Amino acid sequence: MKNVELLVIGGGPAGLCAAISAAEAGVDVLLAERDEWLGGQLVKQTHMFFGSEKQQASVRGVDIGKILVKKVEDYKNIEVMENATVLGLYEDGVVTLQQDGNYVKVHPKSVVITTGASEKTLVFPNNDLPGVYGAGAVQTLMNVYGVKPGNKVLMVGAGNIGLIVSYQLMQAGVEVEAIVDASPNIGGYLVHASKIRRMGIPILTRHTVKEAIGKEALEAAVIWELDDKWQPIPGSEKKLDVDVMCISVGLTPLSELLWQIGCRMEFVGELGGFVPIRNDKLQTSLDGIFVAGDVAGVEEASSAMVEGSLAGLSASSYLGYKIDVEKELERDYLNQLSDLRSGPVGEKIRQGLAKALISQEVTNPGQGS
Amino acid sequence: MRIEEHPVLEFKRGKKVYFTYDGEKLEGYEGETIAAALHAAGVKVLSHSDRNRPRGFYCAIGNCSSCFMEVNGVSNVKVCIEPLREDMDVKTQKGKGKIV
Ligand SMILES: Cc1cc2nc3c(=O)[nH]c(=O)nc-3n(C[C@H](O)[C@H](O)[C@H](O)COP(=O)(O)OP(=O)(O)OC[C@H]3O[C@@H](n4cnc5c(N)ncnc54)[C@H](O)[C@@H]3O)c2cc1C
Ligand code: FES
């Protein structure tokens, strides 16, 4: 059994920032990451960031990741375990993980869960054919491993990820046949959409996938148009000869560990699915268990980083560390978050968070009991 | 299909390694996953489900369990995150695989 002060689960932007912020306060941190490397989703983001200016908006995601990883490595009080998947959190405070085939038990005094999110899928006949991939998967294959997913792609979903991955496919020399989106509007930022259109890729709104065709792998896709009530219009079918279909219809929090330990969960559509109920310091309904990043509600990397820093600070304070500038730091993080979530773009997130936050009065007294 | 030229990225591939896929000798690079090496070699079908439907990867980050293969005799290995090593024996998995 390994005794640690703080266990951070997941080494994406949220987890890295949580570890840094707690280490800065003097806490001994163990950071467990399932992959062989740190960085989470940032490692595949080769484009300039769409976050705010304050959080390095004009830096590429990969580079932000490198900066954070370097910082983590510089702290002597952060121990990193790579290739280490956390399997379970138990009532007696024990956390189990698997590293290189070994089963390891850890006993932390506090935990920050930052496991991120996973890509949703879409229901249509033959959606299980090889060649039908998550957009993030294609991004990983191309940008991390330098492998093309195929020759011709149909992108399903015109949100930011769908648009960005389409652009990156073209950069890698892969043809994008079309982008379809069921909604009448393009969900992603217009700067990205215009860039795509300039490259000659049609963005078909009010369109969805009817079916995928292929024997051993995808050979073609049939799309059709939707009417005002989102119903398919018979006769509007178009067959596209594509060998790859990218599904980019959103992410959902990877919340298994939260369920398992018994955090109070609530379904909040605006945040991507079931999310943990938390207070404004990111503590869940369980004492000493904090969350940050996409697992707390699908947003973007900038807010994941700020949430990570805040959760790390809250955990340090929970562990009894006296931090001189605690109140200032906390106020700064909260201000950064509200900046990131301001304006029309942040409206959905704000609505979602209103449903996921428990007010201070309710949390303080009998917390975790 | 590997990307040879890219406007933004430079791919620093590791040492070349050889592995077998259903008995056939294939090559890949150290530092990449089994799934990436297979895809580069044109292999998309990684397993056949219980109902004999072909399966490929879906998420490529270890979340969805769509990419199970038999690696060095062990079934249900997520090849989208399993690093490729010299001399690995990779096989298409049938159904739920063997539980040893
Ligand atoms: C395709 C794609 C493109 C995106 N583009 C942008 C963009 O341009 N700009 C932007 O701001 N945001 C973008 N985002 C969103 C952004 O990447 C995420 O919001 C951000 O990475 C969330 O950070 P996180 O730390 O919460 O999660 P992640 O980055 O997902 O990190 C979670 C980490 O936890 C690890 N983990 C999971 N389970 C376990 C376990 N049981 N044990 C140990 N480790 C575990 C994972 O391996 C992973 O490394 C994009 C997302 C995707 C999928
Ligand atoms: S493709 Fe999802 S786990 Fe491997």
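Buried area here is the accessible area, taken with a 1.4 Å probe, that two parts lose on being put together, summed over both. The legends below describe a predicted model, in which local features need pLDDT of at least 70, side-chain atom pairs count only at pLDDT 80 or more, and totals for chains, interfaces and linings use all residues. Residues are numbered from 1 along each chain as its sequence is written, chains are lettered from A and ligands numbered from 1 in the order in which they are written, and side-chain values use heavy atoms, with hydrogens and water left out.

View 1. About 3000 Å² is buried between chain A and chain B, and carbon and sulfur atoms give 56% of that. On the chain A side, D128(A), Y133(A) and Y145(A) lose the most area to chain B, together 19% of what that side buries. Counting contact as heavy atoms within 4.5 Å, chain A brings 41 residues and chain B brings 32 residues.

View 2. Three salt bridges turn up between chain A and chain B, a salt bridge being a side-chain nitrogen of Lys or Arg within 4 Å of a carboxyl oxygen of Asp or Glu. In one salt bridge, the side chain of D128(A) meets that of R53(B) at 2.6 Å, N to O.

**View 3. Which pieces of chain A touch chain B.** Strand 7 (117-119), strand 8 (132-134), helix 3 (135-143) and strand 15 (244-247) of chain A each supply at least two residues to this side. Helices (H or I, at least four residues) and strands (E, at least two) are DSSP runs, numbered from the N terminus. Helix 3 of chain A gives the most, with five residues. By class, the side of chain A that touches chain B has 17 nonpolar, twelve polar and twelve charged residues. Ala, Val, Leu, Ile, Met, Phe, Trp, Tyr, Cys and Pro count as nonpolar, Asp, Glu, Lys and Arg as charged, and the others, Gly among them, as polar.

**View 4. Helix 1 against helix 7 in chain A.** The axes of helix 1 (residues 13-24) and helix 7 (residues 301-318) of chain A come within 7 Å and cross at roughly 35°. Axes are lines fitted to C-alpha atoms, for helices over the stretch in contact, with angles from 0 to 180 degrees between N-to-C directions. This crossing of helix 1 and helix 7 of chain A is right-handed. Their contact has nine nonpolar, five polar and no charged residues.

**View 5. Helix 1 against helix 2 in chain A.** Here P13(A), L16(A), C17(A) and I20(A) of helix 1 meet L68(A), V69(A), K71(A) and V72(A) of helix 2. By class, that makes seven nonpolar, no polar and one charged.

**View 6. A salt bridge between two strands of chain A.** E79(A) and K2(A) pair through their side chains at 3.0 Å, N to O. E79(A) sits in strand 3 (residues 78-81) and K2(A) in strand 1 (residues 2-9), 77 residues apart.

Technical notes:
A crossing is left-handed if the near helix is turned anticlockwise from the far one by less than a right angle, and right-handed if clockwise.
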